[in-house]
Amino acid sequence: MRRMRSEVISVRTGSRPTVRDITAEAERFVAGAGDGLLHVFVPHATAGLAIIETGAGSDDDLLRALDDLLPTDDRWRHRHGSPGHGRDHVLPAFVPPYATLPVLDGRIQLGTWQSICLVDPNGDNPDRQVRFSFLAG
């Protein structure tokens, strides 16, 4: 019988919208694990995961695109927290809170410029948790 291995890490995202690269943490989790699937999950109603290029401006572009698509104004019915916080609760419909990635010989099979990123537009919650789960193949 195969068993799934799972671990939760804490990620400090701060008080401003951010895209935080968590690839190194994921790589440490699967190092030496063999072949299988890595599932990454953010158990928060106002954060998501994106597989994108970072460091060349794409992370800032993503935040800008989210601001264009989901402005922080008073249109939202969900109104607790900072102004426009209701949009943060809509985010997971556009940036899902999970990703599943293939792992071969203990290495995540990302493309050359791809990174696993925590997307957190919610400055009201500066500390996040991310669950890594590995299912051996």
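In what order do the elements of the protein run from the N terminus on? They run β-β-α-β-β-α-α-β-β-β-β, and the legends below follow this chain through several views. This is a predicted model, in which local features need pLDDT of at least 70 and side-chain atom pairs count only at pLDDT 80 or more, whereas totals for chains, interfaces and linings use all residues. Residues are numbered from 1 along each chain as its sequence is written, and side-chain values use heavy atoms, with hydrogens and water left out.

**View 1. The whole chain and its elements.** The secondary structure comes to three helices and eight strands, where helices (H or I, at least four residues) and strands (E, at least two) are DSSP runs numbered from the N terminus. Along its principal axes the C-alpha trace spans about 50 × 35 × 20 Å. The radius of gyration, taken over C-alpha atoms, is 16 Å, which agrees with the value near 14 Å that a compact globule of 137 residues would have; the globule rule is 2.2 Å times the number of residues to the power 0.38. Of the contacts (heavy atoms within 4.5 Å) with a separation of 6 or more, 82% are accounted for by residues 24 or more positions apart.

**View 2. The open sheet of five strands.** The strands stand in the order β1-β8-β3-β5-β6, with antiparallel pairing, two strands being paired if DSSP finds at least two bridges between them. Because β1 (4-12) and β6 (107-108) stand at the edges with a single partner strand each, one side of each is left without a neighbour in the sheet. Within the sheet, strand β3 (residues 36-41) is joined to strand β5 (residues 98-104) by six bridges, and these two strands run antiparallel. L38 has L101 in β5 as its bridge partner.

View 3. M4, L37 and L135 make a nonpolar surface patch of about 290 Å². Patches are made of residues with over 30% relative accessible area and no salt bridge, like charges being joined within 9 Å and nonpolar side chains (Val, Leu, Ile, Met, Phe, Trp, Tyr) within 5 Å; accessible areas come from the Shrake-Rupley method with a 1.4 Å probe, and for residues only the protein chains shown count as cover. L135 has its place in strand β8 (residues 127-136) and counts as partly exposed at 41% relative accessibility, since buried means under 20% relative accessible area, exposed over 50%, and partly exposed in between (1.4 Å probe, protein chains only).

View 4. A search of the whole structure finds seven salt bridges, each a side-chain nitrogen of Lys or Arg within 4 Å of a carboxyl oxygen of Asp or Glu. R20 is bridged to E25, with the closest N and O atoms 3.3 Å apart; R20 is partly exposed at 29% relative accessibility, whereas E25 is buried at 18%. In helix α2 (residues 58-69), D61 and R64 lie three residues apart, about one turn of the helix, and form a salt bridge whose closest N and O atoms are 3.0 Å apart. D61 is partly exposed at 41%, and R64 is partly exposed at 48%.

View 5. The closest N and O atoms of the salt bridge between R75 and D73 are 2.6 Å apart. R75 counts as exposed at 51% relative accessibility, while D73 counts as partly exposed at 27%.
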